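Thank you all for coming.

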Amino acid sequence: MSGGDDSTGRRILIINGNPARQRSSFSSALAQAYHDGAIEAGHMVHTVRLADLAFDPILHEGYQGVQPAEPDIAAVQAQITWAQHVVFIYPMWQFGIPALVKGFCERAFTPGFAYDVKAKNPMQAALLRGRSARLIQTMGMPQAFYEIVFRAHGGKAFRSLLSFCGFNPVRATYLGMIEQGQTTRERHLARVRRLGGQAL
């Protein structure tokens, strides 16, 4: 899914991290809302569904061996290189990101692509500078409860990874109470569409 050719717009990559293979998930609706808002504002957009990709999400040898990137991972790395702004949309599972998203990050944000393991200063190891990121995380609990009681620790860990790779700023939008009915979902969709228009 892509569109927009206005050179004044930003290059945006949307990564739908919902592991569900059906295209009727709320994550897909949010991805479409962000896409539509961005296209209307003149931005250029590519969308990736992690559930559609063919790759091994397990880094079997850790960082002690070499595990070549599958074609789908290499293709998304090229899209990340192209992008100026990357948006991750996913449901919160067990207070964190789904295993598929974690596996994707381990396989895509690798040494030599996302950061330089030979950098003398760890604070200067980032290789993906010049890009911003947005996390859009859905959950059943209220947003305030997640942020105040649980301190949004799952989101913070993900933001830390992206910051280490050079994304700045890394913003997060937590959408709570998604099981409370269509009115709540429509409000979330409208909010995400506005974010797309602003490329935030």
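Let me start with Arg 159, which is partly exposed, with a relative accessible area of 32%, because partly exposed covers the range between buried, under 20%, and exposed, over 50%, computed with a 1.4 Å probe on protein chains only. Before I go further, please keep in mind that this is a predicted model, in which local features need pLDDT of at least 70 and side-chain atom pairs count only at pLDDT 80 or more, while totals for chains, interfaces and linings use all residues. Residues are numbered from 1 along each chain as its sequence is written, and side-chain values use heavy atoms, with hydrogens and water left out.

Arg 159 lies in helix 5, where helices (H or I, at least four residues) and strands (E, at least two) are DSSP runs numbered from the N terminus. Setting aside residues up to four places away in sequence, Arg 159 touches Leu 135, Val 170, Arg 171, Ala 172 and Tyr 174, contact meaning heavy atoms within 4.5 Å.

That brings us to strand 5, residues 132-138, and to the question of why strand 5 is largely enclosed by the rest of the structure. The reason is that seven of its seven residues are buried. In a regular strand the side chains alternate between the two faces of the sheet. Here Ser 132, Arg 134, Ile 136 and Thr 138 point one way from strand 5, whereas Ala 133, Leu 135 and Gln 137 point the other way.

Which strands, then, pair with strand 5? Strand 4, residues 85-91, runs parallel to strand 5 and is joined to it by seven bridges, and strand 6, residues 170-175, also pairs with strand 5 in the parallel sense, over six bridges; pairing requires that DSSP finds at least two bridges between two strands.

Apart from neighbours within four places in sequence, Phe 167 is in contact with several residues, among them Val 86, Phe 109, Ala 133 and Leu 162.
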